[in-house]
Amino acid sequence: MPVLAVENSEDYQKYISADKTTVALFSAEWAEQCAQVNDVLNELASILGDKLQFITLNAEKFPEISMKHQIDAVPTVIFFSKGSAVDRVDGVDIAAISSKSKKLAESASSAAATGQTLDDRLKALINKAPLMIFMKGDRNAPRCGFSKQLIAIVNDTNLPYETFDILSDEEVRQGLKTYSDWPTYPQVYVKGELIGGLDIIKELVANNELEASLKG
């Protein structure tokens, strides 16, 4: 299936809300780089078209949509899953567009094979262990200051726990924000229920309630 040109807002909404993950190119006729990215999307569509759909829209023709997604320059490629933006590539980064598209296609294949929706997958991950932490990096190598602080605090309790590196899976990273209505990381779950992030954990420490809360 070739790259589909968006003619109106209704088409755009229909495409990004479809069951298939959508790769959307925000472009402009005057920008030569957009034609280069469009060619790449056509090539990817011929390979991955059974798992992803590819669309293109003129960023200047749809200013409200462009503003909503903070399109400051073209080309910009945004990846949508069931109406929500899950990833993006700003500028001409062919390698990133290709690798992200292929990774999302693999996720779609895996979901189709297991019959799992993203919500099913998130629920399974949240319940993988009684104490589950979603963070940047893992327990042995945190990749941000907040995650590092959180792991140090939890380690002091000597309670067993598991971690998930959100940097390894953009679909989980974005999907969990919506699933739990919590916009930042790290996130701590006890027996499938969200406790909160670093600030909440620090409050529990201050109130001498941390260990009891993490045990559930």
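Predicted model: local features only at pLDDT ≥ 70, side-chain atom pairs only at ≥ 80, totals over all residues.

User: Thanks. Where is H69 found?

Analyst: H69 is in the loop that lies between α3 (63-68) and β4.

User: And is H69 buried or exposed?

Analyst: H69 has a relative accessible area of 12%, and anything under 20% counts as buried, so H69 is buried.

User: What is H69 in contact with, leaving aside its neighbours within four places in sequence?

Analyst: With those neighbours set aside, the contacts of H69 are Y12, F26, I78, F80 and R88.

User: Good to know. Is Q70 buried or exposed?

Analyst: Exposed: the relative accessibility of Q70 is 58%, and the cut-off for exposed is over 50%.

User: New topic, the sheets. What is the strand order in the open sheet of 5 strands?

Analyst: The order is β1-β3-β2-β4-β5, and the pairing is mixed. At the edges are β1 (4-5) and β5 (84-90); each has a single partner strand, so one side of each is left without a neighbour in the sheet.

User: What packs on that sheet?

Analyst: Helix α1 (residues 9-16) does, touching β1, β2, β3 and β4 (76-81). The direction of α1 makes about 155° with that of β3.

User: How many bridges join β2 to β3?

Analyst: There are 7 bridges between β2 (residues 21-27) and β3 (residues 52-58), and the two strands run parallel.

User: Nice. How many aromatic pairs does a search of the whole structure find?

Analyst: It finds 3. One of them is Y12 with F80: the ring centres are 6.1 Å apart and the planes are at 90°, so this pair is edge-to-face. Y12 sits in helix α1 and F80 in strand β4, 68 residues apart, so the pair links distant parts of the chain.

User: Is Y12 buried or exposed?

Analyst: Y12 counts as buried at 4% relative accessibility. F80 counts as buried as well, at 0%.

User: And what is the geometry of the F134 and F164 pair?

Analyst: That aromatic pair is tilted, with 5.7 Å from centre to centre and 45° between the planes. F134 is in strand β6 and F164 in strand β9, 30 residues apart. F134 is buried with a relative accessible area of 0%, and F164 counts as buried at 14%. F134 and F164 also form one aromatic cluster with Y189.

User: Tell me about β6, then. How many residues of strand β6 are buried?

Analyst: In β6 (residues 131-135), 5 of the 5 residues are buried, so the strand is largely enclosed by the rest of the structure. Both of its faces are covered, with L131, I133 and M135 buried on one side and M132 and F134 on the other.

User: Which strands does β6 pair with?

Analyst: β6 pairs with β10 (residues 187-190) in the antiparallel sense over 4 bridges. With β9 (residues 162-165), β6 runs parallel, again joined by 4 bridges. You can see both from I133: its bridge partner in β10 is V188, and in β9 it is T163.

User: Last one. What sits over the ring of Y161?

Analyst: The charged end of R139, 3.8 Å from the centre of the ring. P186 is in the loop between α7 (170-180) and β10.

Methods. Residues numbered from 1 in each chain as written. Heavy atoms only, no water. Pairing = 2+ DSSP bridges. Contact = heavy atoms within 4.5 Å. Axes fitted to C-alpha atoms, helices over the stretch in contact; angles between N-to-C directions. Buried < 20%, exposed > 50% of the residue type's maximum accessible area, 1.4 Å probe, protein only. Phe/Tyr/Trp six-rings, centres within 6.5 Å; stacked < 30°, edge-to-face > 60°. Lys NZ or Arg CZ within 6 Å of the ring centre and 35° of its normal.
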